[in-house]
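Visitor: I am new to this structure. Please show me how to read its features, one at a time.

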Amino acid sequence: MKKIRVLTGVTPSGVPHLGNYVGAIRPAIAASQNPDVESFLFLSDYHALIKCHEPERVHESTKAVAATWLACGLDPERTTFYRQSDVPEVMELNWILTCNTAKGLMNRAHAYKAAVQDNVEKGQADQDHGIEMGLFCYPVLMSADILMFNADKVPVGRDQIQHLEMARDIAARFNHRFGTLFTLPEVQIDDNVETLVGLDGRKMSKSYGNTIPLFDSDKKIQKAVNKIVTNLKQPGEAKAPDESPLFDIYKAFSTPDETAEFTHMLAEGLAWGEAKKLLAAKINAELSPKREHFEALMANPALIEDILQAGAAKARRQAQPLLAAVREAVGIRRLS
Ligand code: AMP
């Protein structure tokens, strides 16, 4: 039976956080343990350049994100684990797909629209002020990441659903023009996990500096959790799940029964301070055992590099035949 190909990436543009963990890393590693699944897990460092123009940050973050994947249980033997920039075939496919993507499709991408909206709200005469082509074309690069390996399923956070739809559109247009070479990927969302909100009430994101990092000490995790916004309700007053983002984080670390119990406790008047203690304990119970492994990996970048190089060689063996077929299909061929 043909194995299902699952692919997902995390961008090394800062310290990996709880959103990355529950939205991408945890489900992808769980899937990789299924013998019917073939996993492609990667560090999307060319995506980091879209948001981050600080070379040292990209470099440090690459190490931290790789160490996070490995500390969370990624097995490089069972999976294909690589850094995007070590697989140049992806960038070549990126250009070929760019030449087959409607500009109008990119105009509708959330990240671009949000940047335009921001300019409008600030009264900028030029709606595209400060927007670079990397941001505008980002969904094409993401499509190249996915289509290069003909992934069947892509586990991501809800914020990425639109980009998956775009990857399908781009693949369908290419297949229609040149013959079917690409699988249409399906998005895979963990029903238990919402897009986690950060400490300031916006989406938890490395770019906003509002995250709860994965591998801080128990004490620091408690300190970060204490900063999550709540309202002024007193202990004893009934509270609803949608009154603080801490509920969704709790849910992401709990079974449905535990979440139901937590909902009940809030309704019965659990104090926000107590709720935060329960949440930090939940997070630490899952992550503390992985922390030591993470620290050991961070102290041994050469080992991480060796793992990534072996992964890139494996990835390129898969990418090269498909890229050769794509080049042939679009007319980039040797003369004879
Ligand atoms: P990024 O680091 O932005 O490349 O995101 C890597 C993965 O983490 C993607 O699958 C995202 O959907 C997921 N992710 C990022 N932020 C969050 C969040 N706040 N909540 C849930 N998933 C997230």
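Visitor: How many disulfides does the structure hold?

Guide: First, the general idea. A disulfide is a covalent bond between the sulfur atoms of two cysteines. Here the cut-off is a pair of cysteine sulfur atoms within 2.5 Å. This structure holds 0 disulfides. Cys52 is in no disulfide, and the nearest cysteine sulfur, that of Cys137, is 19 Å away. The sulfur of Cys137 has its closest cysteine sulfur in Cys99, at 10 Å, which is too far for a bond.

Visitor: What kind of model am I looking at, and how are its residues numbered?

Guide: This is a predicted model, in which local features need pLDDT of at least 70, side-chain atom pairs count only at pLDDT 80 or more, and totals for chains, interfaces and linings use all residues. Residues are numbered from 1 along each chain as its sequence is written, and side-chain values use heavy atoms, with hydrogens and water left out.

Visitor: Is Cys52 buried or exposed?

Guide: Start with the terms. Buried means under 20% relative accessible area, exposed means over 50%, and partly exposed lies in between (1.4 Å probe, protein chains only). Cys52 has a relative accessible area of 5%, so it is buried. Cys137 has 23%, so it is partly exposed.

Visitor: Which strands does β2 pair with, and how do they run?

Guide: Helices (H or I, at least four residues) and strands (E, at least two) are DSSP runs, numbered from the N terminus. Two strands pair if DSSP finds at least two bridges between them. Strand β1, residues 4-10, is joined to β2 by 7 bridges, and the two run parallel. In this pairing, Ile4 stands opposite Val37 of β2. On to strand β3, residues 80-83: 4 bridges join β2 to β3, again parallel. There, Phe40 stands opposite Thr80, and Leu41 stands opposite Phe81.

Visitor: What is the handedness of the unit made by β1, α1 and β2?

Guide: Look with the strands pointing away from you. The crossover is right-handed if the path from the first strand over the helix to the second runs clockwise. Here β1, helix α1 (residues 18-32) and β2 form a right-handed β-α-β unit.

Visitor: How do the axes of α3 and α12 cross?

Guide: Two packed helices are described by the angle between their axes and the distance between the axes. Axes are lines fitted to C-alpha atoms, for helices over the stretch in contact, and angles run from 0 to 180 degrees between N-to-C directions. Helix α3 (residues 55-71) and helix α12 (residues 272-298) have axes that come within 9 Å and cross at roughly 140 degrees. Now name the angle. Under 35 degrees counts as roughly parallel, over 145 as roughly antiparallel, 65 to 115 as roughly perpendicular, and the rest as oblique. The pair α3 and α12 is therefore oblique.

Visitor: Is that crossing of α3 and α12 left-handed or right-handed?

Guide: A crossing is left-handed if the near helix is turned anticlockwise from the far one by less than a right angle, and right-handed if clockwise. The crossing of α3 and α12 is right-handed.

Visitor: Where is Leu279, and how far is it from Ala144?

Guide: Leu279 sits in helix α12. Its relative accessible area is 0%, so Leu279 is buried. Leu279 and Ala144 are 135 residues apart in sequence and 38 Å apart in space, C-alpha to C-alpha. Gln318 is in helix α13, residues 301-330.
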